[in-house]
Amino acid sequence: MAMCFTSAGLPEPCGGFTAHYFITTPAQQKYFTIGWTCTIALAFLFTVPSIIRYATSPRFLSAGLWSHLGLIEDLTPGGYLKLSSDFSSSVPAPKRPRHILPRSLRALSAAFTSLSLATLPLPSFLDYTRIPFIQRRRAPSCHPTKTYAPFSLGTLLLALLVPLLVLSTLLPESQLRANPNRFGFLALASIPPLFVLSSKNGAISILLGKGWTGANFLHRWLGRIVVLLVLLHFYFWTIQWVASNRVEEFLSQSKERRGIGALVFLLVIAVSSAGPLRRVSYPIFFVLHYVGIIGFLVFVNRHTVYAKGWATWSVVGIYAFDIVGRLLSMRVRYVEVEALDSGMVRIGLTGVHSGWRAGQHLSIRLFFAPPSPSVFSAFRMFEAHPFSISNAPPSVGVLNSGDSASRGIDLFARSCGKGSWTGDLYATAELGARVAEAKANDGNKRVLHMLALVEGPYGGIGPYREVDEENVLLVAGGSGMGFTLGILDELVGRRVNSRTGGKIEVVWAVRERSHITWFASRLRTLINAASSIPGLSMTLRVYVTCDTSLSSAEDSSPSSSAAPSSTPFDLPHTQLLYQRPQLFSIIQDTIGAALAPCGSCYPVCHCGEDNSDGMCANVEEECCGNGPANGRELLSEKSKDTNDDDDEQGDLPKLEKKSCCKPSPPDSDEEDEITVLPPSPLAPTGGASCCKPKAGAGSEVERKPQCGGGCCAGTGAGCCSGGVEGVGEKRETGPLKIRTDGLAVTVCGPGGMIAEMRNAVARVPMAKQARIGGITLHAEHFSV
């Protein structure tokens, strides 16, 4: 690279600084700005169809403008009006959208989904929780999982667009050795998108329908690149002054000192934002983050006059819009705070009837003084924490309808241990309830009322999307059921109101059996509501991974004295399993039940071609147990030559007499609407038979958990696993429909569970993803 020098011996661009200051470098700033704005515009074009569907939907037209500006409270003396008993019958059942893509493109979309969701495992030594100073507050799990990368391949590819855009504007005509200002100018140009990606009310949420949590990883990546650009800007200027032995002159100038001050504040932001330190103390991170932002903007504007357009007016405009949105959504009110079992706290906002969607969260600040003062307890009233809304509005949900409408909004906060904000909240709620009960002396349970500042709602699965897939799988870990319960309430409520069928499976993993009581009554209400609608099936599987109340004796069982008697297991259509959930097996079973509702009783293979376990020896996808891919094979055990277009059913062949699965006449020409009657209970079980049931298929047999010592390290308890309690899946009656109108999967839990679910969806064969109508995944990671 050609380099010129000044009369003082300092390097400078051969064309002079004027050309780089006023022509080349500012032009690259503009190219960078055009790049990131066009990227958002391109993403917006893909969102336009969803926005149009939402804008023309009854949900948008009936909500009104005020429902998009925060929670709407009922200030009338009577509170809520009860919904009429025949409300659900007045809503017509919507017609599910048919597939608009041919099967080949659906397979291509499935390949992209699998690639984008794949998450690579990491060596165990890279797990930050193994560092002694940053250990987890809770006891270790009975079933340690792999350490996965904190991002999927799709997230990584999207994040790599940031350095690619920076490099494309940094390198052309740069002469970086002689002109370090290019680093500084691009760092200034990166400040506006930094604020856009961190705003709760802004372009990302309005134009793209994504919550601020979904774009926060891009904010962090871009922030790290800004730090790197500023460091390089400082480094290359420093070595130039050092080479000319003029370090004292360099440090004595006010411009340079202000630049160093901006760098110091920027490093404060970067260090305090590191994941492990942020998890150790969120209040320290919050304070240092805001102090660093203010200090950096002040010093960088004093450092250079070129910062005003990028670090002043644009930042003021973006942040002011965000602040106005926050102020409009703020509510000051009293809330109910109730201490539940096992460290769970319920926060209730009564008298709220609309203004939120399922899956969204509220940022809540509670004004309380914990009973055990500490260094951080004096700042508890200044801390705001996000919590998922665990119920839908009364107009669409089940939990808030009828006599229970006065409940309003329920939030659930799990105690993270002594010294944490949630730990202090639980101790305060528990102590307040005991004092109130002692004063009343009437034996009734009391709840504590606290003054709160509520902001939101934010996030969710998206303002322009509804879960309208025929098959739904909801997975939650521990307190993640608070988010899942809100999704489930709206999902069941909409399908009950519209009399729409489908299959809903809920999987909940908890550490202890007593945790089921957190949401047992609400889950029972939703299961009973779903059971009242023909064609709507809802099942719940609860996995207990490490119940410290179970004995390690060999005769331990859910019904023995070792099991907690205070938590009777009486939920309908629910199984309780004492083991860790295998998410890949669960999603495979879900797809198999959707594509092969008769199980292994399809007349696909001949009676002499099944294995000893009742499954077909043929491992082709069309065979039973692996999910059918050809509609003709479902209705005939004879092998026939068929064309590749599976959407055209044509004339279906007649079944032979030796098949025990009889088809019902097709009543419509909808794609993939093939119905078969359930297998006869009198089907022969001896000898080779296509209808030979697989042992344990359909519902698990109740059995005692096998206990052994030492599995729950650090808890002093043994690990009891393998037990099954409760009933199996609800048996469907009448014709069984092959469900090919999509599969929606949501997961809320720790990072390991989310990574495992991503990999489980990624491992589903493309043919099955295309056959079921596509798989969508939404993940909520409860972390900081």
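# Close-up views of the chain

**Figure 1. Thr113 touches Gln769 and Ile775, leaving out residues up to four places away in sequence.** Here, touching or being in contact means having heavy atoms within 4.5 Å. Thr113 belongs to helix H3, which covers residues 103-117. Helices (H or I, at least four residues) and strands (E, at least two) are DSSP runs numbered from the N terminus. With a relative accessible area of 17%, Thr113 is buried. Buried stands for under 20% relative accessible area, exposed for over 50%, and partly exposed for what lies in between, using a 1.4 Å probe and protein chains only.

A word on the model before the next view. This is a predicted model, in which local features need pLDDT of at least 70 and side-chain atom pairs count only at pLDDT 80 or more, while totals for chains, interfaces and linings use all residues. Residues are numbered from 1 along each chain as its sequence is written, and side-chain values use heavy atoms, with hydrogens and water left out.

**Figure 2. The whole chain, for orientation.** You can find 20 helices and 23 strands here. The chain has 784 residues, and 49% of them count as buried. Among contacts in the chain with a separation of 6 or more, 77% are between residues 24 or more positions apart.

**Figure 3. The largest nonpolar core has 43 residues.** Such a core is a set of buried Ala, Val, Leu, Ile, Met, Phe, Trp, Tyr and Cys residues joined through side-chain atoms within 4.5 Å. Leu488, Val492, Trp508 and Met538 have the most contacts inside this core. Two or more residues each come from strand S13 (471-477), helix H15 (481-498), strand S14 (502-510), helix H16 (520-531), strand S15 (536-544), strand S16 (574-578) and strand S22 (743-749). Which element gives the most to this core? H15 does, with eight residues. Pick out Val492 and follow its contacts: beyond its neighbours within four places in sequence, Val492 meets Val398, Ile504, Leu526, Ala529, Ala530 and Met538. There is also a second, separate core of 40 residues, and Val162, Val166, Val227 and Trp310 are among its members. In soluble globular proteins, nonpolar side chains tend to be buried together.

**Figure 4. H15 and H16 pass each other with axes that come within 10 Å.** The two axes cross at roughly 25 degrees. Axes are lines fitted to C-alpha atoms, for helices over the stretch in contact, and angles run from 0 to 180 degrees between N-to-C directions. That angle makes H15 roughly parallel to H16. The scale is this: under 35 degrees is roughly parallel, over 145 roughly antiparallel, 65 to 115 roughly perpendicular, and the rest oblique. H15 passes H16 in a left-handed crossing; left-handed means that the near helix is turned anticlockwise from the far one by less than a right angle, and right-handed that it is turned clockwise. On the H15 side, Met481, Leu485, Leu488, Asp489, Val492 and Val496 make the contact, and on the H16 side Arg522, Leu523, Leu526, Ala529 and Ala530.

**Figure 5. Helix H5 (residues 181-189) is mostly covered.** Nine of its nine residues are buried: Asn181, Arg182, Phe183, Gly184, Phe185, Leu186, Ala187, Leu188 and Ala189. The axes of H5 and helix H4 (residues 153-170) come within 11 Å and cross at roughly 135 degrees, so H4 is oblique to H5. Their crossing is right-handed. Look for Val166, Thr169 and Leu170 of H4, which meet Arg182, Phe183 and Leu186 of H5.

**Figure 6. Gly70 sits in the loop between helix H2 (58-63) and strand S3 (72-73).** Is this glycine buried or exposed? Gly70 is buried, with a relative accessible area of 4%. Although Gly70 and Met330 are 260 residues apart along the chain, their C-alpha atoms are separated by 7.3 Å. Setting aside neighbours within four places in sequence, Gly70 is in contact with Ser329, Arg331, Ser354, Gly355, Gly456 and Pro457.

**Figure 7. His303 lies in helix H12 (residues 282-303).** His303 counts as buried, because its relative accessibility is 18%. The residues that His303 touches, not counting those up to four places away in sequence, are His233, Lys255, Arg258 and Gly259.

**Figure 8. Gln575 has its place in strand S16.** At 7% relative accessible area, Gln575 is buried.
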